[in-house]
Amino acid sequence: MKKKKKAPIYQTAILLVALCLALAACGSKDEPASTGSGNESAAGSGDTIKVGILHSLSGTMAISEVSVKDAEMMAIDEINAKGGVLGKKIEPVIEDGASDWPTFAEKARKLISEDKVTTVFGGWTSASRKAMLPVFEELNGLLWYPVQYEGLEQSPNIFYTGATTNQQIVPAVSWLLENRGKKFYLLGSDYVFPRTANKIIKEQLKAEGGELVGEEYTPLGHTDYSTIITKIKEAKPDVVFNTMNGDSNVAFFKQLKDAGITSKDLTTLSVSVAEEEIRGIGADVLAGHLAAWNYYQTTDTPQNKTFVDNYKKKYGADRVTADPIEAGYDAVYLWAAAVEKAGSTDVDKVKAAAKDLEWDAPEGKVKIDGETQHLYKTVRIGEVQGDGQFKELWATGEPVKPDPYLKGYAWAASLSSGN
């Protein structure tokens, strides 16, 4: 039997190279080569660009977060109606963090690794953000976080569209000391945001002549405030500075009113109670109480009139807008603008394009600070009215540069140890 001649080695090599080139060409046609950062190739291919939306749609934080999700969806619908981003429609992938911080981390990983989203809009509590942060840094994902927080943080993988401490808490404390009294009672939920915020407030009170007369924390979802209200009565503060989150606010303010304490008897200022929470608590219960934010439904800008009208048209005349709702809406538009400027959904390219990006938001002009990835924002203090809306009592008049580590305050030197 005659043996077949073996092909010369060089011919075999040529065939193998040709085969590899052909396979590479086929693959590149449908799957563009990854840039090495972000999920541009997977989530940006085809006719859509995938984005994640991750909020508590159930549990104690749903009272606040569902409406932020609605605002983000409205922004996506508006952008899609105008042709999308880079000529492609935005495709949202929605997940429920369920008011559980490990679930937020798990869902964030799923959105980036399995769903291959280009970015994620989500979170509310600092506990949820802290749980997600290492996931986004490990996988080089990009989170747009829409809620005011305690500062002392800066991540290359997070854009912070809510206020940091010098854009809400610090100016609110100064205003209260000048206008409502020196004796403060601090009341918060028992997790990172209230505890860190109150640590900052205590340093500020020492520096600015205030006095701490009480400090209490309760678990998220706590509903019995009778003992704490008794303590407040005994302490006789000028101000209760409230950093509670979620539906605990419903219980506290209703029980405060039942105890015969109104805004005429005691000033309370909240930093997590906005128009949406007023709907759940009741305007009759909260009338006269204060809150510090960067935006109210009553904020007087042409962009806000359009925003409020569109939100009510889409979700119902009884719905309200609020600061985190507006900040979530802003986040989608800012991301879209950065993607258009970058010409790409690649995470590193989007981050570079976002530096110093400005936008006429419903709250007024905002700008992304390239150094910290926080926004320049106007500070506002408002009083709850009988119709559930806020009357603005004071504002900075122009956007304030973010200072998450409070480097501009001598009294915060022991706190601002971050980079």
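The model is predicted: local features need pLDDT of at least 70, side-chain atom pairs count only at pLDDT 80 or more, and totals for chains, interfaces and linings use all residues. Residues are numbered from 1 along each chain as its sequence is written, and side-chain values use heavy atoms, without hydrogens and water.

**Exercise 1.** Work out how helix α3 and α13 cross.

Solution. 
- Locate the helices (DSSP runs of H or I, at least four residues, numbered from the N terminus). Helix α3 covers residues 62–81, and α13 covers residues 323–342.
- Take the axes, lines fitted to C-alpha atoms over the stretch in contact, with angles from 0 to 180 degrees between N-to-C directions. They come within 8 Å and cross at roughly 35°.
- List the contacts (heavy atoms within 4.5 Å). Among them are Val68 and Ala71 of α3, and Tyr329 and Val332 of α13.

**Exercise 2.** Find the strands that pair with β14 and say how they run.

Solution. 
- Find the strand (a DSSP run of E, at least two residues).
- Apply the pairing test: DSSP must find at least two bridges. Strand β10 (residues 290–293) joins β14 through 4 bridges, antiparallel. Alanine 292 stands opposite isoleucine 381.
- Turn to β15 (residues 390–395), antiparallel to β14 over 5 bridges. Here glycine 382 partners glutamate 392.
- Check the link. β14 and β15 form a hairpin with 5 residues between them, and glycine 388 in the turn has a positive phi of about 85°.
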